[in-house]
Amino acid sequence: MTHVFHRHLRQTYPVAASARGITIRDAEGRDYLDASGGAAVSCLGHGHPDVIAAMHAQIDQLAYAHTSFFTSDVAEQLADHLVGSAPAGMDHVYFVSGGSEAVEAALKMARQYFVEIGQPQRTQFIARRQSYHGNTLGALAVGGNEWRRAPFAPILVPATHVAPCYPYREQRADETPEAYGLRLAAELEDAILAQGADRVIAFVAETVGGATAGVLVAVPGYFKAVREVCDRYGVLLILDEVMCGMGRTGTLHACEQEGVVPDLITVAKGLGGGYQPIGAVLAQGKIVDAMSQGSGFFQHGHTYLGHPVACAAALAVQQVIVRDGLLAQVRARGDTLAQLLHTAFDAHPHVGDIRGRGLFWGVELVQSRDDKTPFDPARRLHAVIKRAAMAEGLLVYPMGGTVDGRHGDHVLLAPPYISSEAELAQIVQRLGHAIDSAIAATAA
Ligand SMILES: Cc1ncc(COP(=O)(O)O)c(C=O)c1O
């Protein structure tokens with residue numbers, strides 16, 4: 001009998017006992033290839049000696065000091081490192097302990113910015129359907145995934161949702177990708193005007209839609225058009241890169257490939273690579289200036305902000321990424337993974353779409369490729385694939401509700417940046433077996 005309040009209360013979990021490289025071993029000695037880094041977390045794999053050494057050294061020197069009394073050398077160094085590689089104008093970093101906390105902080109920063117500059121009438125957020133921004137109430141409110149929101153909807157702050165950029169299903173046959181992107185930007189503009197041109201705080205979007213959408217890469221020009229619409233109405237652009245950022249797509253920030261600079265970026269997962277819980281908000285100077293010249297502080301805070309051991313782990317992870325040229329490696333291995341997925345699944349009768357960038361890939365499953373009909377949600381294909389993959393010794397991150405929060409299944413892959421070509425080949429081979437056996441097992 002367990003006393004841990006587990007995520008699922010009728011499920012028994014294997015015990016993770018040890019991990020090295022891209023493999024996790026359970027207490028019964030079974031090995032699993034970690035092809036999703038948990039939920040796109042373990043970017044350097046497991047047991048990286050440089051990160052572990054940095055954490056040991058930090059614990060010996062200073063494990064904790066509350067940020068209302070002190071700063072720490074390691075938090076200052078990490079902030080310097082992140083600002084040095086951030087998009088133009090992002091000159092401050094607010095450290096938190098995970099992705100949801102980063103999103104909450106960004107939402108409050110955006111709101112307080114407008115209070116500071118004398119626009120307190122701005123109270124509305126706009127985000128996208130099928131997005132995931134975290135499970136705390138503010139993050140859940142802007143998130144656009146219906147089944148996650150439903151039980152809590154009556155207690156969420158209101159937010160408006162526009163369409164995601166989902167070309168596989170929503171780009172019209174007579175539309176170019178560019179025209180589709182402009183249509184979506186026009187929908188955002190209409191949503192802003194419907195709220196009142198001066199009433200919207202921010203548009204919140206994952207630069208590459210991750211967990212709930214199954215890796216949606218924007219069409220060319222979409223984010224540029226979105227940035228222009230935001231600028232036209234003084235609306236801030238918050239890009240949530242908790243999953244797709246910190247190198248996952250082959251550039252440190254996913255927005256670099258979209259040619260836009262947001263006002264706030266949230267990061268987490270790959271920031272600390274799972275070695276410690278850490279997230280951060282990167283903020284444009286104008287937002288910090290408004291607070292420093294106004295009330296003088298950001299009305300927020302948590303006990304573990306800027307935790308020294310978490311900062312030491314993240315600094316080490318980020319230094320390894322630079323030292324070992326891992327962004328270039330993500331791009332190269334990403335090409336390999338794309339090829340492997342296309343070779344394995346282009347002719348598969350139930351793989352409707354293969355999409356991604358860098359080492360961040362989604363495979364969308366369909367009952368019928370011809371009309372893109374999803375599987376009956378009652379089959380819970382995604383959950384069966386997860387179990388079948390574990391039986392194959394493979395960890396992937398499947399999810400249901402890809403299409404509309406209820407219908408649709410996808411499998412998300414986010415292998416560590418250090419994965420070898422041979423490991424990627426093994427991952428795709430095992431995934432093929434898992435998909436086929438799950439479809440057979442759930443057939444009526
Ligand atoms: C884009 C995005 N934002 C926010 C979060 C929430 O992060 P956390 O689970 O660390 O609170 C996630 C987690 O999957 C995410 O993918």
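An oxygen atom of the ligand is 2.8 Å from a polar backbone atom of G99, one of the polar contacts set out below (a polar contact being a pair of N or O atoms within 3.5 Å). The model is predicted: local features need pLDDT of at least 70, side-chain atom pairs count only at pLDDT 80 or more, and totals for chains, interfaces and linings use all residues. Residues are numbered from 1 along each chain as its sequence is written, and side-chain values use heavy atoms, with hydrogens and water left out.

| Residue | Protein atom | Ligand atom | Distance |
|---|---|---|---|
| G99 | polar backbone atom | oxygen | 2.8 Å |
| S100 | polar side-chain atom | oxygen | 2.6 Å |
| D240 | polar side-chain atom | nitrogen | 2.7 Å |

On its own the ligand has 390 Å² of accessible area, and the protein covers 82% of that (Shrake-Rupley method, 1.4 Å probe). The residues around the ligand are G98, G99, S100, Y132, H133, G134, E206, D240, V242, M243 and K269, where a residue counts if one of its heavy atoms lies within 4 Å. By class this shell has 3 nonpolar, 5 polar and 3 charged residues; Gly counts as polar and Tyr as nonpolar in this scheme.

A cavity is a set of points on a 1 Å grid over the protein atoms alone where a 1.4 Å probe fits but cannot get out, a pocket is an open set with protein on both sides within 12 Å along at least five of seven lines, and lining residues have an atom within 4 Å of a point. The largest cavity holds about 50 Å³ of space, and there are 3 cavities of 30 Å³ or more. Its lining divides into 3 nonpolar, 3 polar and 3 charged residues.

The second largest pocket holds about 780 Å³ of space. It is lined by 32 residues, of which H92, V93, Y94, F95 and L305 are the closest to its centre. Strand β4 (90–96) gives the most to this lining, with 5 residues. The lining comprises 18 nonpolar, 12 polar and 2 charged residues.

The whole structure has 13 salt bridges (a side-chain nitrogen of Lys or Arg within 4 Å of a carboxyl oxygen of Asp or Glu). In one of them, R169 pairs with E364, the closest N and O atoms being 2.8 Å apart. R169 lies in helix α7 (residues 167–170) and E364 in strand β14 (residues 360–365), so the pair ties together parts 195 residues apart in sequence. Helices (H or I, at least four residues) and strands (E, at least two) are DSSP runs, numbered from the N terminus.

Technical notes
Points joined across faces, edges and corners; volume = space filled by probe spheres on them. Polar contact = N/O pair within 3.5 Å; in protein donor to acceptor, adjacent residues only side chain to side chain.
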